[in-house]
Amino acid sequence: RRKIAEQMVKSKTSIPHFSFFEEVDVTELEELRQMLNASKHDSQPKLSYLPFIILALAKIMPEHPECNAHYHEEAGVVHRHAGVHIGVATQTERGLYVPVVKHAEAMDSWQAASELLRVSQAARDGSASLEDLTGSTFTITSLGRDGGLGATPIINHPEVAILGVHKAREMPVVRNGQIVVRRIMNLSSSFDHRVVDGADGARLVQHLKRMLEHPAMIFM
């Protein structure tokens, strides 16, 4: 608990955060998820939204290198990473851990789901190695189970960005002048304003939104 507190204080007091919020229509993504889960092998894990979000981020990060980075204050140096290593904030009985899905850019949906399950379970049962818990370049915090419309997630220092994922829910929306029911997910993001300009953070989230709303693009 003390280490978590130290890390949170360091992040919040040293990083000038700004946040950005967006709604995403995940109706097509939900249809794809259901279809893949219905046809999966027994050895394959059930797909949640997170593997698709991880893959989408890995796909788009080359166009947003300022967000897949570490900022080292002492040296005044920004280190942009080629590999996409996604940390996933995981609540455990011992507090908050951030196990890491490494080289997500080299994975498919089943591989991402399997590795996510492995590292998150290891964090929960206390068997995670130092390798499992270090090296993330971008973090996701999944708030879906508790719902909520928005949050201001704290960046995982020395990273420069974090994405909060909220519960998907059916909502009435206007499409082509008609009110229809669609599945909507809210995203809450925070960025280090020393490294990421507001427009750049917004572009990352809007790019991710396009990928999730048209999930075939994730696999192109």
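Reply: A nonpolar core here is a set of buried Ala, Val, Leu, Ile, Met, Phe, Trp, Tyr and Cys residues joined through side-chain atoms within 4.5 Å, where buried means under 20% relative accessible area, exposed means over 50%, and partly exposed lies in between (1.4 Å probe, protein chains only). This is a predicted model, in which local features need pLDDT of at least 70 and side-chain atom pairs count only at pLDDT 80 or more, while totals for chains, interfaces and linings use all residues. Residues are numbered from 1 along each chain as its sequence is written, and side-chain values use heavy atoms, with hydrogens and water left out.

Me: Okay, which residues in the largest nonpolar core touch the most other members?

Reply: Of the 49 residues in that core, they are Ile 53, Leu 57, Ile 86, Phe 138 and Ile 140. The largest share of the core, nine residues, comes from helix H3 (residues 50-60); helices (H or I, at least four residues) and strands (E, at least two) are DSSP runs, numbered from the N terminus. As background, nonpolar side chains tend to be buried together in soluble globular proteins.

Me: And what is Ile 53 in contact with, leaving aside its neighbours within four places in sequence?

Reply: Taking contact as heavy atoms within 4.5 Å, Ile 53 is in contact with Ile 140, Leu 163, Val 165, Met 185, Leu 208 and Leu 212.

Me: Switching to strands, why is S4 largely enclosed by the rest of the structure?

Reply: Strand S4 covers residues 86-92, and because six of its seven residues are buried, the strand is largely enclosed by the rest of the structure.

Me: Which strands does S4 pair with?

Reply: Two strands count as paired if DSSP finds at least two bridges between them. S4 pairs in the parallel sense with strand S7 (residues 138-142) over four bridges, and runs antiparallel to strand S6 (residues 100-101), to which two bridges join it. Strand S5 (residues 95-97) is also antiparallel to S4, with three bridges, and a hairpin through two residues connects S4 to S5.

Me: What stands opposite Gly 87?

Reply: Gly 87 has Val 100 opposite it in S6, and Thr 139 opposite it in S7. On the S5 side, Thr 92 has Gly 95 as its bridge partner.

Me: How many bridges join S9 to S10?

Reply: Strand S9 (residues 169-175) and strand S10 (residues 178-192) run antiparallel and are joined by seven bridges, with Met 171 standing opposite Arg 182 in S10. Their hairpin has two residues between the strands, and in it Asn 176 takes a positive phi near 55°.

Me: What about Ile 179, buried or exposed?

Reply: Ile 179 is also found in strand S10, but it is exposed, with a relative accessible area of 68%. Leaving aside neighbours within four places in sequence, Ile 179 is in contact with Pro 172, Val 173 and Val 174.

Me: Last topic: how many salt bridges are there?

Reply: The count comes to twelve, where a salt bridge is a side-chain nitrogen of Lys or Arg within 4 Å of a carboxyl oxygen of Asp or Glu. One of them joins Lys 3 and Glu 6 (3.4 Å, N to O); being three residues apart in helix H1 (residues 2-14), Lys 3 and Glu 6 are separated by about one helical turn. Lys 3 is exposed at 63% relative accessibility, whereas Glu 6 is partly exposed at 41%.

Me: Which one involves Glu 213?

Reply: Glu 213 forms a salt bridge with Lys 209, the closest N and O atoms being 3.2 Å apart, and both Glu 213 and Lys 209 are buried. Separately, Asp 25, Arg 175 and Arg 182 are linked in a network of salt bridges.
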